Amino acid sequence: MDSLAKTQLIRRADPEYDRGDLAFIIIAGAMVLFMVPGLAFLYSGLARRKSALSLIWVAAAGNAVTIFQWYFWGYSLAFSSSATNGYIGNLRNFGLMNVLGNVSPGSPLIPELLYSFFQMEFACVTMCLLLGGIAERGRVLPAMVFTFVWMTIVYCPLACWAWNVNGWAFKWGVLDFAGGGPVEIGGGVSGLAYAWVLGRRHEKELINFRPHNVSLVSLGTFILWFGWLGFNGGSAFGANLRAIMAIWNTMLAAAFAGIVWCLLDYRYERRWTMVGFCSGTIAGLVAATPSSGFVHPWASVIIGILSGALCNFATKVKFLLRIDDALDLFAEHAVGGMIGLFLIGFFGDADIISLDGVSAVPGGFMDHNWKQLYIQFTYVVATSAYSFVVTALIAKGIDMIPGLHLRGSPESERLGMDEVEIGEFATDYIELHRDFTDGFAPAQGDHHMQFTAGDRHGQPETGLHRDSHDISTQPKSSKGLSTVEVKPTDG
């Protein structure tokens, strides 16, 4: 049989798909891809200027490595239907073999080839989310090695558990619409583990730490919000009412979470901070990820309010654990994912689930399905524990390989990772002085200088200070301001 005849036979054997559904998922996948630069801009804006570009670089390069891994064996390890162990797939679809027009393992509405593309974008976003853990002290080459290994050993099993028809969580009845486990908990908890292995930044780098470009933070947040509509809406795998419901729920949860976070910050800072609103919005988007295709809009209002409040409070956890989670990956993504997953056990409704015309599973408490509460809770515990432990082991193992130390040198951290690792800058202009303190002449008769006020971990400091945080005994300058000793500046 010649190749043309084989092609015609394959086409006749393939089921017919609605072209509107196909077009919708293609566009939704492209919207999810747009979340990668959204994360890059968000992380870059939250970091210091001297390390801002390195975070854009790891998002771009991590995206490329993930695409290769997904094509090479990632999709097969996550979604091969012939693997029955319940934990990870096999290599039946290695290099996208046997992936064409057959019905996808996730939905009968789209072909497997399109499904593999859409799920690849989820993997890319997850990896870029996690790589925020390297902020201001991590080396980029070891991070790329880590990316390939982590995708293989952590993300693929998590995706298999929740979404593969033979995954243990899927067969047990876990409800996870768009990735509360693999994406949000997987990325957030793993980011915390990576930051733990890296270690804290030097204490001087924590003083007066504040986002270097709030405009980039805002731009990244709204790019993410736009992409999230494809992320959650596309997880209905068709242009149907369930997709529209997921989009509505995403909008509501994000809006209410942003408002609540902003109000909570105002209690302490007496300012309506843009970073606070952006943080809350992302927390709401995260909580909507697992829940948006299962709940009514009124439930999403509750989910948004709770995620905005609890994720805000969770930003203090890193201080209790003494883990330098610089970009709050755990507080916003892991905790937000946990909230969304657990509340499905209360608010999940079979009427919402059936809006796609093909799904028929019970919801949660709303459908008198009491056991869904402990199923969701157990799934949260399992994904969290697996993500943290295995990620920490992978990171520590790579860090022990000569030439692949995860953390840069103290000098690299002082100068900035952009200068040492990239050789370019996110905001590249001729600088007269790098530090605020560089531009001040010593006070008359001694070598003292003023420090700038800023904020430390979201708490505003409106007075001048020094390393001892005690200015009461310091001499006064000619203008009556407290001064501190001049020391060599760092980046």
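## A serine tucked into a loop

Let's start with Ser80, or S80: a polar atom of its side chain lies 2.9 Å from the backbone nitrogen of N90. The S80 side chain also reaches the backbone oxygen of S76, at 2.8 Å. Both are polar contacts, meaning a pair of N or O atoms within 3.5 Å; within protein, one must be able to donate a hydrogen and the other to accept it, and residues adjacent in sequence count only if both atoms are side-chain atoms. S80 sits in the loop between helix 4 (52-79) and helix 5 (112-130). Helices here are DSSP runs (H or I, at least four residues), numbered from the N terminus.

Is S80 buried or exposed? S80 counts as buried because its relative accessibility is 0%. The cut-offs are under 20% relative accessible area for buried, over 50% for exposed and in between for partly exposed (1.4 Å probe, protein chains only). Beyond its neighbours within four places in sequence, S80 is in contact with Y75, G89, N90, R92, N93 and N164, where contact means heavy atoms within 4.5 Å.

## How to read the model

This is a predicted model, where local features need pLDDT of at least 70 and side-chain atom pairs count only at pLDDT 80 or more, while totals for chains, interfaces and linings use all residues. Residues are numbered from 1 along each chain as its sequence is written, and side-chain values use heavy atoms, with hydrogens and water left out.

L96 isn't a glycine, yet it has a positive phi of about 60°. N98 isn't a glycine either, and has a positive phi of about 60°. L96 is partly exposed at 26% relative accessible area, and N98 is partly exposed at 49%.

## The nonpolar core

The largest nonpolar core has 115 residues, and the members that touch the most others are W70, F122, F146, W150, Y155 and F231. Such a core is a set of buried Ala, Val, Leu, Ile, Met, Phe, Trp, Tyr and Cys residues joined through side-chain atoms within 4.5 Å. Helix 6 (residues 140-163) gives the most to this core: 14 residues.

Which residues does F122 touch? Not counting residues up to four places away in sequence, they are V32, Y155, W163, A178, V183, F231 and S235.

## Salt bridges

Side chains of opposite charge can pair when their charged atoms come close. The structure holds 7 salt bridges, each a side-chain nitrogen of Lys or Arg within 4 Å of a carboxyl oxygen of Asp or Glu. In one of them, E136 meets R48 (3.2 Å, N to O). E136 lies in the loop between helix 5 and helix 6 and R48 in the loop between helix 3 (35-46) and helix 4, so this pair ties together parts that are 88 residues apart in sequence. E136 and R48 are both buried.

E136 also meets R201 (2.9 Å, N to O). R201 is in the loop between helix 8 (180-198) and helix 9 (203-206), so this pair links parts that are 65 residues apart in sequence.

Now for another pair: E411 forms a salt bridge with R414, with the closest N and O atoms 3.0 Å apart. They are 3 residues apart in helix 18 (residues 410-415), so about one helical turn separates them. E411 is partly exposed at 41%, and R414 is partly exposed at 29%. Elsewhere, salt bridges that share partners join R48, E136, R201 and D324 into one network.

Key
Helix = DSSP H or I, 4+ residues; strand = E, 2+ residues; numbered from the N terminus.
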